[in-house]
Amino acid sequence: MALAGCGQPLQLDAVQRTRTPLVAQSAVSTGMPDRTASTSAPTRVTQTAAQERSPTAAPATRTPTVQIIPSTPMPQTSDARWRAQQIDREVLDPPQVYRVVRRTPLFWFDPMTGQTLEIGTVLGDIPVQARFRLRATGEVALEVPYRINNDFGLTAISEAVRSRMEAAGYTVSVEAFVLESDAIQAP
């Protein structure tokens with residue numbers, strides 16, 4: 001085999017020539033009309049040389065693929081978020097009327113932000129539909145249904161609180177709560 005480069009023929013050693021594949025003589029153009037490289041190969045290649053240069057291909061095996069699709073939890077409703085804040089919930093069926101003897105704050109849990117907001121203060125009789133402990137503080141609370149701007153003399157709650165109730169999906173009533181204290185008397 002002879003290659004030409006920079007106008008000079010290049011020589012290859014005999015060992016390399018016996019391992020090159022059979023190629024017919026051809027001229028390869030380098031893009032310039034006056035320079036061509038010609039290659040030639042030995043006319044006889046032994047079986048051993050052919051076997052040496054052919055890699056043995058492993059039989060194709062099919063690799064099993066695993067497709068992982070993460071489970072996306074269903075979005076929780078506002079009610080479900082509120083229930084998640086309660087521990088040891090005890091439903092009072094039918095609701096019982098408790099007496100509040102000193103002004104006591106009435107709270108609402110905003111499920112959209114996770115904040116507890118004071119709606120106003122209550123005094124007098126309130127219907128209690130459940131008793132539970134708050135997950136965040138462990139305090140005992142009493143759940144009270146509250147018709148927005150209607151019950152317990154709370155008819156002008158702040159516009160900001162009403163907007164947050166509406167954003168959470170409550171337009172008529174919410175489940176509010178009071179913290180159990182000596183100001184609240186059980187029936």
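**Notebook: aromatic pairs and nonpolar cores**

I began with tyrosine 170, which is buried at a relative accessible area of 14% (buried means under 20%, with a 1.4 Å probe and protein chains only). The model is predicted, so I kept local features at pLDDT of at least 70 and side-chain atom pairs at pLDDT 80 or more, while totals for chains, interfaces and linings use all residues. Residues are numbered from 1 along each chain as its sequence is written, and side-chain values use heavy atoms, without hydrogens and water.

I then looked up the ring pairs (Phe, Tyr and the six-membered ring of Trp, centres within 6.5 Å; planes under 30 degrees apart are stacked, over 60 edge-to-face, the rest tilted). I found seven aromatic pairs. Tryptophan 82 and phenylalanine 109 are stacked, at 5.8 Å between centres and 25 degrees between planes. Tryptophan 82 is buried at 3% relative accessibility, and phenylalanine 109 is buried at 8%. Tryptophan 108 and tyrosine 170 are edge-to-face, because their planes stand at 90 degrees, with centres 6.4 Å apart. Tryptophan 108 is buried, with a relative accessible area of 2%. I also noted a cluster linked by ring pairs: Trp82, Phe107, Phe109, Phe132 and Phe177.

Next I examined the nonpolar cores (buried Ala, Val, Leu, Ile, Met, Phe, Trp, Tyr and Cys joined through side-chain atoms within 4.5 Å). The largest has 24 residues, and Leu106, Ile119 and Met165 have the most contacts inside it. Another core lies apart from it, with seven residues, including Phe107 and Leu134. For methionine 165 I recorded contacts (heavy atoms within 4.5 Å) with Trp108, Ile119, Ile148, Ile157, Tyr170 and Val174, leaving out residues up to four places away in sequence.

Conventions. Buried means under 20% relative accessible area, exposed over 50%, partly exposed in between (1.4 Å probe, protein chains only).
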